[in-house]
Amino acid sequence: MDLKKSIIGSSIAFVIATSCCWLPALLIAVGGGSTMVAFSNGLGKLSWFFGGIGIGFLGYGIYQYKKKQKMSSSAIVILQSIITCPKCGHKKEETMPTDACQYFYECAQCKQVLKPTGNDCCVYCSYGTVACPPIQLNEDCC
Ligand SMILES: [Zn+2]
């Protein structure tokens with residue numbers, strides 16, 4: 001096992017998959033890692049076997065990742081949400097990211113760092129006028 005190359009491969013794959021949901025990232029990481037190991041190790045016939053599995057995982061992971069990106073960009077969602085600070089009542093309009101959830105938010109006035117309340121996935125669901133894009137699309141949040 002060339003562990004070092006495998007770790008590097010997985011890390012690069014993980015960086016590529018900066019999606020907030022873990023499944024595509026995991027698939028890409030596993031796929032990328034095993035592909036690198038297979039082709040750098042010279043396992044003979046076995047390397048094609050592992051390489052095939054690796055590429056399969058990698059392809060599926062990227063497919064899932066792209067599908068998710070496409071869904072969030074093609075559907076009509078409201079990206080402007082007005083966050084009201086629970087501490088000082090300061091209101092500020094913010095643009096929500098479509099590909100990730102925002103867990104922390106610093107109030108521009110009192111510098112209080114807000115976190116989601118209860119089962120909410122992000123600060124926009126807890127303090128904003130509009131829920132975050134995944135919730136608007138009826139998707140599970142991250
Ligand atoms: Zn505040």
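Colleague: Where is Lys-111 found?

Modeller: Lys-111 is found in the loop between strand 3 (105-106) and strand 4. Strands here are DSSP runs of E with at least two residues, and helices are runs of H or I with at least four, numbered from the N terminus. This is a predicted model, in which local features need pLDDT of at least 70, side-chain atom pairs count only at pLDDT 80 or more, and totals for chains, interfaces and linings use all residues. Residues are numbered from 1 along each chain as its sequence is written.

Colleague: Is Lys-111 buried or exposed?

Modeller: Lys-111 counts as exposed because it has 10 C-beta neighbours inside 10 Å.

Colleague: Which residues does Lys-115 touch?

Modeller: Not counting residues up to four places away in sequence, Lys-115 touches Tyr-103 and Phe-104. Contact requires C-beta atoms, placed from the backbone, within 7 Å. Lys-115 and Ser-126 are 8.3 Å apart, C-alpha to C-alpha, and eleven residues apart in sequence.

Colleague: Changing topic, how do strand 1 and strand 2 pair?

Modeller: Strand 1 (residues 80-84) and strand 2 (residues 91-95) pair in the antiparallel sense over five bridges; pairing requires at least two bridges found by DSSP. Gln-80 stands opposite Thr-95 in strand 2. The two strands form a hairpin with six residues between them, and Gly-89 in the turn has a positive phi of about 80 degrees.

Colleague: Which residues make up the largest nonpolar core?

Modeller: There are eleven, including Ile-83, Met-96, Tyr-105, Val-123 and Cys-132. Helix 4 (residues 123-127) gives the largest share, four residues. A nonpolar core is a set of buried Ala, Val, Leu, Ile, Met, Phe, Trp, Tyr and Cys residues joined through C-beta atoms within 7 Å. Another core, of eight residues, lies apart from it, with Leu-27 and Phe-57 among them.

Colleague: What is Met-96 in contact with?

Modeller: Leaving aside neighbours within four places in sequence, Met-96 is in contact with Leu-79, Ser-81, Tyr-124, Cys-132 and Pro-133.

Key:
Buried ≥ 20, exposed ≤ 12 C-beta atoms within 10 Å, placed from the backbone. Contact = placed C-beta atoms within 7 Å.
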